[in-house]
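Me: I am new to this structure. Can you take me through it in short steps?

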Amino acid sequence: MIAVSRAAGCGGLRWARVAVLALACAPLGEAVAEVLLTGPATLNQSGETYVLAADVTADETAFTVAPGTTDVVLDLAGHTVVYNAAPSAVPVYGVYLGVFASRVTVRNGTILQGAGGSARSPAVFIYGGTATGGHDLHH
């Protein structure tokens, strides 16, 4: 969060600017948990909701959920993610869930492999760790 202040138009709630692209209103004492994304990113904050602000194209992996990150939502907001837009000698993914990432939800959009066409590069790859689980994929 960049700035937090009381705002007259928020009915006793606080305004918090998240990233540099959005304002969100939440009850006092509650964190605002939404981060707008405009390009490929590593999602490393547990409990956050990440929302795409536009279609995203990535030469390699588009989004990585960092190892150990939990309770993350990646809301594609009706947008399209194209990964592997350029050739790669190693597998790449639309969304890569690192070891021990758990309770991750990907929803509301389309993930497509680009012209790079790398082998063994599924749209979503879940790295197998003993605490991995509870993931949801929604179209």
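Reply: Start with a definition: buried means under 20% relative accessible area, exposed means over 50%, and partly exposed lies in between. By that rule Y96 is partly exposed, since its relative accessible area is 21%. Keep in mind that this is a predicted model.

Me: How many helices and strands does the protein chain have?
Reply: The secondary structure of the protein chain is given as a count of each kind. There are zero helices. The strands number 15.

Me: What share of the residues of the protein chain counts as buried?
Reply: The protein chain has 139 residues. Its accessible surface comes to about 7,200 Å², and 54% of that belongs to carbon and sulfur atoms. The share of residues that count as buried is 38%.

Me: Which residue in β11 is the bridge partner of T64?
Reply: Strand β8 covers residues 63–65, and strand β11 covers residues 95–97. They pair in the parallel sense over three bridges. In β11, T64 has as its bridge partner Y96.

Me: Which residue in β10 is the bridge partner of T57?
Reply: An open sheet of three strands has the order β7-β10-β13, with parallel pairing. At its edges are β7 (56–57) and β13 (110–113). Two bridges join β7 to strand β10, residues 80–83. In β10, the partner of T57 is V82.

Me: How many residues apart in sequence are the parts that D71 and R103 tie together?
Reply: The side chains of D71 and R103 meet in a salt bridge, 2.7 Å from N to O. D71 lies in strand β9 (residues 70–75) and R103 in strand β12 (residues 102–107), so the pair ties together parts of the chain whose separation in sequence is 32 residues.

Me: Is D75 buried or exposed?
Reply: D75 forms a salt bridge with R107, with the closest N and O atoms 3.6 Å apart. R107 has 32% relative accessibility and so counts as partly exposed. The cut-off for buried is under 20%. D75 is at 14% relative accessibility, so D75 is buried.

Me: Which residue in β12 is the bridge partner of D75?
Reply: Five of the six residues of β9 are buried. Strand β6 (residues 49–52) pairs with β9 over three bridges, in the parallel sense, and V51 stands opposite D75. β9 also runs parallel to β12, joined by five bridges. In β12, the partner of D75 is R107.

Me: How far apart in space are P40 and V81, C-alpha to C-alpha?
Reply: P40 is in the loop between β4 (34–37) and β5. Leaving aside neighbours within four places in sequence, P40 has contacts including V56, T57 and F63. P40 and V81 are 41 residues apart in sequence. In space, their C-alpha distance is 9.1 Å.

Me: What is the angle between the planes of Y93 and F125?
Reply: The structure holds three aromatic pairs. Y93 and F125 form one that is stacked, 4.8 Å centre to centre. Y93 lies in the loop between β10 and β11, and F125 in strand β14, so the pair ties together parts 32 residues apart in sequence. The angle between the planes is 20°.

Me: Which residues do ring pairs link into a cluster?
Reply: Y93 counts as buried, at 12% relative accessibility. F125 counts as partly exposed, at 28%. The rings of Y96 and F125 have centres 5.7 Å apart and planes at 5°, so this pair is stacked. Ring pairs link into a cluster Y93, Y96 and F125.

Terms used: Residues are numbered from 1 along each chain as its sequence is written. This is a predicted model: local features need pLDDT of at least 70, side-chain atom pairs count only at pLDDT 80 or more; totals for chains, interfaces and linings use all residues. Side-chain values use heavy atoms; hydrogens and water are left out. Two strands pair if DSSP finds at least two bridges between them. Helices (H or I, at least four residues) and strands (E, at least two) are DSSP runs, numbered from the N terminus. Buried means under 20% relative accessible area, exposed over 50%, partly exposed in between (1.4 Å probe, protein chains only). Accessible areas come from the Shrake-Rupley method with a 1.4 Å probe; for residues, only the protein chains shown count as cover. A salt bridge is a side-chain nitrogen of Lys or Arg within 4 Å of a carboxyl oxygen of Asp or Glu. Contact means heavy atoms within 4.5 Å. Rings of Phe, Tyr and Trp (its six-membered ring) pair if their centres lie within 6.5 Å; planes under 30 degrees apart count as stacked, over 60 as edge-to-face and the rest as tilted.
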